[in-house]
Amino acid sequence: AMLLTGSSMAYRLSVTDRFFAGLRLASILAFGSWLLLAPDLARRRRLLVLFAAFVTFTLLIYALILLARWRVDRIYLSASVVDLLFLCGLVRWSGGVTSVFILGFYLLVGLHGFYFGRNVAMAVASLAAVMLALGALDIFRADAWLDSIPRVGVLYLTAWSTSLLADQERR
């Protein structure tokens, strides 16, 4: 196995990879700050474990990108499923339907629309809709289901529009 030096590691990260790494770092800082500042969290211990797992997972992703010779797009696509699971737990344990972290689903869908194109974005929007329902909805409240209609609709609109714009930019 060939050992990568600092300069060859940096070369392995494209501009897009560095942008995605910056987004993950911003997510870690936002989640960590929220955990520190949130007054009385009923599920703080679960959220701390989730936070530690997300940080570890992020380090693993970039270790794989830097050290393994796997295709980066496959690493990102695999990571997206785990990211959706993290978001589901985060939304569930931070307020459900009232959680501000619901916004993370839209960011993930938009990024996948830009990076992978329409088909992947629509698939990620579908997975995000399921994770959003599992994380945010109280299945016994009829109004929660009604409110989910525009949320899910915006997931698909985000997938469609960002992939359309990305396709036009690539031409």
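Biologist: How many helices and strands does the protein chain have?

Modeller: The secondary structure of the protein chain comes to 7 helices and 0 strands. Please bear in mind that this is a predicted model. Read along the sequence, the pattern is α-α-α-α-α-α-α.

Biologist: Why may the protein chain be called as compact as a globular protein of its length?

Modeller: One compares the radius of gyration with the value from the globule rule. Here the radius is 17 Å, close to the 16 Å that the rule gives for 171 residues, so the protein chain is as compact as a globular protein of that length. Along its principal axes, the C-alpha trace spans about 55 × 40 × 25 Å.

Biologist: What share of contacts joins residues at least 24 apart in the sequence?

Modeller: Among contacts between residues at least 6 apart in sequence, 70% join residues at least 24 apart.

Biologist: Let us turn to burial and surface. What percentage of the residues counts as buried?

Modeller: Of the 171 residues, 40% count as buried. The accessible surface comes to about 10200 Å², and 70% of this area belongs to carbon and sulfur atoms.

Biologist: How should I read a nonpolar core, and which residues touch the most other members of the largest one?

Modeller: The general idea is that nonpolar side chains tend to be buried together in soluble globular proteins. In this structure, the largest nonpolar core has 43 residues, of which I65, F105 and L155 touch the most other members. At least two residues of this core come from each of α2 (15-37), α3 (44-67), α4 (72-93), α5 (103-116), α6 (118-136) and α7 (142-170). The helix that gives the most is α4, with 10 residues.

Biologist: Which residues does F105 touch, leaving out those up to four places away in sequence?

Modeller: With that exclusion, F105 touches L84, L87, C88, V91, A128, M131, L132 and L155.

Biologist: May we consider a loop residue as well? Is A68 buried or exposed?

Modeller: A residue counts as buried when its relative accessible area is under 20%. A68 has 15% relative accessibility and therefore counts as buried. A68 lies in the loop between α3 and α4. Not counting residues up to four places away in sequence, A68 touches R12 and A63. The C-alpha atoms of A68 and M122 are separated by 29 Å, and these residues are 54 apart along the chain.

Biologist: Finally, how far apart are the mean positions of the positive and negative charges?

Modeller: The protein chain has 16 positive and 9 negative charges, and their mean positions are 7 Å apart.

How values were computed:
Residues are numbered from 1 along each chain as its sequence is written. This is a predicted model: local features need pLDDT of at least 70, side-chain atom pairs count only at pLDDT 80 or more; totals for chains, interfaces and linings use all residues. Side-chain values use heavy atoms; hydrogens and water are left out. Helices (H or I, at least four residues) and strands (E, at least two) are DSSP runs, numbered from the N terminus. The radius of gyration is taken over C-alpha atoms; the globule rule is 2.2 Å times the number of residues to the power 0.38. Buried means under 20% relative accessible area, exposed over 50%, partly exposed in between (1.4 Å probe, protein chains only). Contact means heavy atoms within 4.5 Å. Accessible areas come from the Shrake-Rupley method with a 1.4 Å probe; for residues, only the protein chains shown count as cover. Lys and Arg count as positive and Asp and Glu as negative; His and the chain ends are not counted. The place of a charge is taken as NZ of Lys, CZ of Arg, CG of Asp or CD of Glu. A nonpolar core is a set of buried Ala, Val, Leu, Ile, Met, Phe, Trp, Tyr and Cys residues joined through side-chain atoms within 4.5 Å.
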